[in-house]
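Please keep the model open while reading.

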Amino acid sequence: MSQTILQLKITLMGSQKPPIWRQVQIPAGLNFGQLHVIIQGAMGWENSHLHAFTDRWRSFSIGMPDGFDMDDMQDGWAVKVGDYLSAKGDTLIYEYDFGDSWEHSVEVQKTLEAAPGETYPKLLKGKGACPPEDCGGIGGYYYMMEAVNDPGHEGHDDMVEWLGVEKWDVHAFDEAYARERMLNYYNSVSGS
């Protein structure tokens, strides 16, 4: 029996010059808990904040961790990705860190059959450096980036001290490292 694979493009909403995105292939039968850790690893996040998947109307929410008694919240470990993302163009919003509100568009680019001998999930490619945790959301990220890269900026010294770097390369994306990180995160929750 063949397995349906979803090719997803995960784009950090509001990112620009360059847009920050990752392209992955996953089995449609994975659950949203597994998709969460795949996104965490591929993007470069640290998995230290709450998250949820929803649609653009916010008509449902999937993925809050156990222990939070929130109405209308579906357990991400119990809901299959293919129940909500199954055809080209299907899109959900993945929000990570409700304080900084890192919103990502998760869009199905295409569906395909699993290739014989291939293992999934797979990180295909990506672009753009993942913002550091707790930098204040997309607006805070662009402020930080501007301040770090401009020695004349009023916030330069503070940002350099906080980040521990003299320059921030917005294009930095180590595909091999992201692939390894994504698989490590995935394997840690999937028993692989």
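## How α1 meets α4

The crossing of α1 and α4 is right-handed. This is a predicted model. Helix α1 spans residues 32-43, and helix α4 covers residues 175-190. Their axes come within 7 Å and cross at roughly 155°. An angle over 145 degrees counts as roughly antiparallel, and α1 and α4 are therefore roughly antiparallel to each other.

On the α1 side, the contact uses Q34, V37, I38, Q40, G41 and A42. These meet A178, R181, M182, Y185, Y186, V189 and S190 of α4. By class, the contact of α1 with α4 holds eight nonpolar residues, four polar and one charged.

## Q40 in α1

Q40 sits in helix α1. Is Q40 buried or exposed? Its relative accessibility is 0%, so Q40 counts as buried.

Leaving aside residues up to four places away in sequence, Q40 touches W45, E46, N47, Y94, Y96, R181 and Y185. Among these, R181 and Y185 belong to the α4 side of the helix contact.

## The two sides of α3

Helix α3 runs over residues 156-163. H156, M159 and V160 are buried there. Seen down the axis of α3, the buried residues fall within an arc of 100°, so they line one face of the helix. They pack against α2, residues 137-149.

The other side of α3 carries the exposed residues D157, D158 and E161. Just after α3 comes G164, with a positive phi of about 80°.

How values were computed. Residues are numbered from 1 along each chain as its sequence is written. This is a predicted model: local features need pLDDT of at least 70, side-chain atom pairs count only at pLDDT 80 or more; totals for chains, interfaces and linings use all residues. Side-chain values use heavy atoms; hydrogens and water are left out. Helices (H or I, at least four residues) and strands (E, at least two) are DSSP runs, numbered from the N terminus. Buried means under 20% relative accessible area, exposed over 50%, partly exposed in between (1.4 Å probe, protein chains only). Contact means heavy atoms within 4.5 Å. Axes are lines fitted to C-alpha atoms, for helices over the stretch in contact, and angles run from 0 to 180 degrees between N-to-C directions. Angles under 35 degrees count as roughly parallel, over 145 as roughly antiparallel, 65 to 115 as roughly perpendicular and the rest as oblique. A crossing is left-handed if the near helix is turned anticlockwise from the far one by less than a right angle, and right-handed if clockwise. Ala, Val, Leu, Ile, Met, Phe, Trp, Tyr, Cys and Pro count as nonpolar, Asp, Glu, Lys and Arg as charged, and the others, Gly among them, as polar. The arc is that of the directions from the helix axis to the C-beta atoms.
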